[in-house]
Amino acid sequence: MGVIVSIKPLLAVLVTLVAAVLILFTGERNRNLREFWTLLASIIKFSIVISMVPLILKGNIIEYTIISLTPGIALQFRIDSLGMFFGVLASFLWIITSVYSIGYVRSLDEHAQTRYFFNFALCLSATMGIAFAGNLLTLFIFYEILTVATWPLVYHKETEEAIMAGRKYLVYTLTAGMAILFGIILIYSLTGTTDFKPGGFLSGCGSANILRFIFVILILGFGVKAAVMVLHEWLPSAMVAPTPVSALLHAVAVVKAGVFGCLKVILYVFGPELLHELNLWLVLAYFVSFTIIVSGMYALAQDNLKRRLAFSTINNLAIIIMGAAMLTPSGIKGAIFHMGSHGFMKITLFFVAGAIYVKTHKENISELDGIGRQMPLTMGAFAIGAMGIAGIPPVCGFISKWYMALGTLEANEVFFLFVLLTSAMMDIAYFFPIIYSSFFKKPKEDVIPCFNEAPMMMVIPLMVTAIISIILGIFPNAFFNFFNIASTAAGKILGGM
Amino acid sequence: MIEQAPVLIVVIPLIFAFITPLIGWWRKELCYPWIILSLTLSTFCSVITLLTVINTGVIHYHLGGWLPPWGIEYAVDYLNAFVLVIVSFTSLTVAVYSKKSVELELPEKTIYFYTVFLLQATGFFGIIVTGDMFNLYVFLEIASLAGYALIAVGEEGAPMASFRYVIMGTIGASFYLLGVGYLYMTTGSLNMADLARLLPDLYGSKVVLVAFTFLIVGVATKMALFPLHGWLPDAYEKAPSSVSALLAPLMTKVSAYVMIRIMFTVFKPYFSIEMLPVTTILSWIAAAAILYGAVMALAQTDLKRMLVYVLLSEVGYLVLGIGLANKNGLTGTILHIMNDACMMVALFMIVGAIVYRCGNREISQFRNLHRRMPFTMAAFVIVGLSVVGIPPTCGFFSKWYLILGAVDTSQWVLAGVLVLSSLLNAILFFRVIEYAYIEPRGGHDNGGESLAVVREEAPLTMLIPIISVTAGIVLLGLLSGRIVSTVIQFAIPACF
């Protein structure tokens with residue numbers, strides 16, 4: 001175990017930045033070349049990230065310092081298992097989403113495609129920076145870039161509704177950014193550093209009340225992107241964005257960046273020991289339990305498919321935070337793994353919503369009767385994703401929920417086990433009727449009762465993610481020791497205790 | 001040659017200014033390269049001066065060989081060497097930029113414009129480089145008089161705005177001069193270093209107290225600190241584009257420098273902080289200025305006028321850092337002198353470019369501007385993000401230090417004001433970006449590109465300065481750690 005200095009993290013961030021510039025200058029003149037840049041960058045990025053995995057699994061830390069920003073803080077990448085997990089997840093799903101995106105925007109003949117691909121690449125660059133950040137300030141820098149780069153994707157449709165959603169998104173996230181900044185400044189003025197350390201670095205600094213205050217504003221700040229309830233309002237509105245955006249950004253990159261920020265604060269800034277001492281973990285767990293239950297109820301009431309998915313996302317993000325808040329080995333392991341498994345499952349569900357929209361221009365669940373006969377592959381993938389979200393084996397959602405359930409027991413808090421189980425039942429309640437009506441109900445008049453799928457550029461990606469969800473459910477280590485990365489992270493953090 | 005650099009910074013543009021009309025009568029088109037040459041030389045000298053200061057420490061230059069306190073002394077330490085470089089680079093950038101906009105806006109007056117432009121720069125350089133209180137007054141007036149003239153040649157209503165500025169500016173200058181007079185009465189000296197040595201014994205004297213107050217009020221008027229800002233919005237809005245681009249970033253920054261000089265060099269920091277509670281008062285006034293500027297900017301429909309109010313808010317930032325009077329706060333102010341000079345010069349140049357192409361500054365008329373002027377608008381986005389304080393642009397880092405300074409002294413309200421103003425700035429700039437970038441369409445129309453817009457980018461002499469300053473804004477942000485550790489930390493009084 002040791003620290004390895006390598007420029008690879010920087011390259012992983014820069015490759016998409018360069019691609020973004022190339023995309024911008026290629027523009028509409030040569031669509032194929034422009035899309036080639038996207039695909040090329042996504043593959044290069046993924047290979048760079050993957051090439052670092054073996055080192056991380058051996059317990060090493062990969063570090064690269066770019067420049068000193070202020071005394072005690074550098075613009076620095078330091079990759080450990082948690083960051084690596086997020087990095088692998090986001091960079092892998094970007095490849096699939098890129099293929100899907102190309103199919104989506106071309107079938108719909110979207111306007112402003114250059115802007116769309118440009119901002120997508122910027123977002124991925126920022127996400128990678130968040131995953132690899134070595135300290136709070138570096139994380140914050142990329143977090144703010146992500147905020148701004150996502151905005152044009154939210155207002156993409158440029159309808160009245162989309163513009164309002166964009167404004168709402170900015171108001172929520174920029175305000176949250178200021179809260180985070182304030183928290184970081186307080187930490188810096190207390191300790192003179194913001195470097196992440198497994199197990200936290202804040203214990204013994206400042207009075208209990210100021211630490212509590214810092215914790216609250218940081219969690220609320222990151223909680224906005226993680227769409228913790230009462231701060232979630234922007235996410236359902238942002239569903240006006242094109243579906244690939246909702247899929248990758250509003251199920252994986254952006255919202256997971258918020259969750260990732262929360263995990264970093266819980267595990268790497270405060271640390272289990274200090275949170276126990278301040279009694280904050282229980283408060284946090286009750287706070288997100290509220291989100292879990294209420295968002296499930298909201299999801300039941302939605303008729304728009306993407307909005308229902310959005311509330312399900314809110315629900316699952318809160319579950320991840322709750323798992324981590326248990327501060328027990330299984331809880332943390334499950335929480336980290338759920339970031340990945342939820343990513344695969346939810347991206348499948350969003351891909352399905354997009355495929356249906358492209359083929360039939362339907363957005364509402366009530367219109368989907370019998371659609372399974374027309375698009376069996378798509379709806380089959382939907383069934384797999386929905387089962388996974390509900391935690392039914394053999395889909396990977398089961399594994400992460402199992403560990404989180406164990407985590408609640410290890411912490412001796414049976415209440416949270418019930419929360420977890422209730423939410424799983426709600427998942428069934430709001431997803432399974434869709435499966436039922438799409439396959440077994442009498443088809444609507446406008447459904448073509450024979451095989452008529454969306455373009456293959458869209459169907460293949462969603463099948464790939466669905467199949468991976470199952471494979472990960474049976475062999476969690478199937479791809480690049482996915483599960484091991486999560487459990488090393490948990491071990492490191494609690495090793496600090 | 002190198003040891004003459006401090007004086008050359010001032011002398012070169014002064015002499016060049018007087019030769020400009022002669023050259024102009026001979027060949028009108030030579031004026032432009034002539035002032036570029038002059039400002040390039042000054043910039044070169046100021047860079048040399050900064051390097052010399054970094055390598056060998058404070059430079060003392062005695063004009064005509066007369067020793068202080070009798071002769072005039074130019075004293076260059078880290079603080080003014082740093083500000084000199086900023087001011088010289090900014091004036092050079094604006095000079096390059098001015099070509100097309102002057103041809104369009106002042107075709108008859110090009111020669112005189114460039115003459116006064118150089119005098120204006122001379123005034124700024126002199127204020128910064130001098131180590132003598134009265135000499136500073138002289139240069140302050142050179143800068144101000146040049147400013148009155150430059151503003152008065154602007155659009156309709158400019159003479160009136162300039163006249164108002166003349167009155168307020170003269171009142172400010174009189175306050176400053178009275179202050180200097182009182183100091184001379186009590187100590188018999190005008191040299192800053194000498195005053196700093198003589199004054200502590202006299203801190204109890206009412207004359208000294210009044211002198212100090214007059215000096216601060218005078219400088220505050222010149223820098224348009226709320227509530228002494230009345231002259232500024234009209235003056236900078238109605239001025240020609242390149243004049244606003246020169247004056248808006250520099251006049252306020254130079255005055256902020258003078259304020260730091262008076263409060264922490266001429267007077268000892270403990271006098272400004274404890275004996276008279278000036279810093280406390282200033283920090284609250286600054287907070288009011290920040291909010292006032294941002295709120296007034298919200299109400300504007302004209303982009304240039306909006307920027308003028310943003311400028312008032314930025315003045316608040318500068319003074320807030322001075323008022324916090326601790327290491328981080330003052331670091332924030334000095335860093336912000338650089339950052340804000342870059343941001344404001346970029347913004348006013350961009351407005352000038354938009355006016356040049358579209359003849360119109362109404363924000364609501366900006367539809368499709370991102371396709372008409374893609375590079376200019378991309379620059380606007382980046383600079384706007386910097387004003388809002390989105391990292392890694394440089395605006396973020398000055399905010400970082402200022403908030404840190406407020407937290408260090410437990411001034412929670414002031415920290416809150418800084419945070420709030422960031423959000424107000426976000427509304428301001430995203431509103432403009434929204435107008436320029438979003439093309440609203442009804443219903444679910446997904447059809448290809450809407451109506452074609454001819455790309456009509458600003459001329460290269462405008463575009464290159466805009467793009468380079470914008471690139472500088474990102475680079476200076478990333479390099480701010482380096483800048484603080486090599487220059488700024490030595491520019492702060494030792495006792496902080």
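Modeller: This is a predicted model. In it, helix 2 of chain B and helix 3 of chain B pack at an angle of about 160°. An angle over 145 degrees counts as roughly antiparallel, and the relation of helix 2 of chain B to helix 3 of chain B is therefore roughly antiparallel.

Biologist: How far apart are the axes of helix 2 of chain B and helix 3 of chain B, and in a crossing of which hand does helix 2 pass helix 3?

Modeller: Helix 2 of chain B spans residues 31-56 and helix 3 of chain B spans residues 78-105. Their axes lie 9 Å apart. Where helix 2 of chain B passes helix 3 of chain B, the crossing is left-handed.

Biologist: Which classes of residue make up the contact of helix 2 of chain B with helix 3 of chain B?

Modeller: Helix 2 of chain B contributes residues including B:Ile35, B:Leu39 and B:Val53, and helix 3 of chain B contributes residues including B:Phe82, B:Leu92 and B:Lys99. Divided by class, this contact has 16 nonpolar, seven polar and one charged residues.

Biologist: Which elements give two or more residues to the side of chain B that touches chain A?

Modeller: The contact takes 29 residues from chain B and 26 residues from chain A. On the side of chain B, the residues divide into 16 nonpolar, eight polar and five charged. The elements of chain B that give two or more residues to this side are helix 17 (394-408), helix 18 (412-437) and helix 19 (460-491).

Biologist: Are helix 7 of chain A and helix 9 of chain A roughly parallel or roughly antiparallel?

Modeller: Helix 7 (residues 208-225) and helix 9 (residues 243-278) of chain A pack with their axes 8 Å apart, at an angle of about 160°. Helix 7 of chain A and helix 9 of chain A are therefore roughly antiparallel.

Definitions and conventions
Residues are numbered from 1 along each chain as its sequence is written. Chains are lettered from A and ligands numbered from 1 in the order in which they are written. This is a predicted model: local features need pLDDT of at least 70, side-chain atom pairs count only at pLDDT 80 or more; totals for chains, interfaces and linings use all residues. Axes are lines fitted to C-alpha atoms, for helices over the stretch in contact, and angles run from 0 to 180 degrees between N-to-C directions. Helices (H or I, at least four residues) and strands (E, at least two) are DSSP runs, numbered from the N terminus. Angles under 35 degrees count as roughly parallel, over 145 as roughly antiparallel, 65 to 115 as roughly perpendicular and the rest as oblique. A crossing is left-handed if the near helix is turned anticlockwise from the far one by less than a right angle, and right-handed if clockwise. Two residues are in contact if their C-beta atoms, placed from the backbone, lie within 7 Å. Ala, Val, Leu, Ile, Met, Phe, Trp, Tyr, Cys and Pro count as nonpolar, Asp, Glu, Lys and Arg as charged, and the others, Gly among them, as polar.
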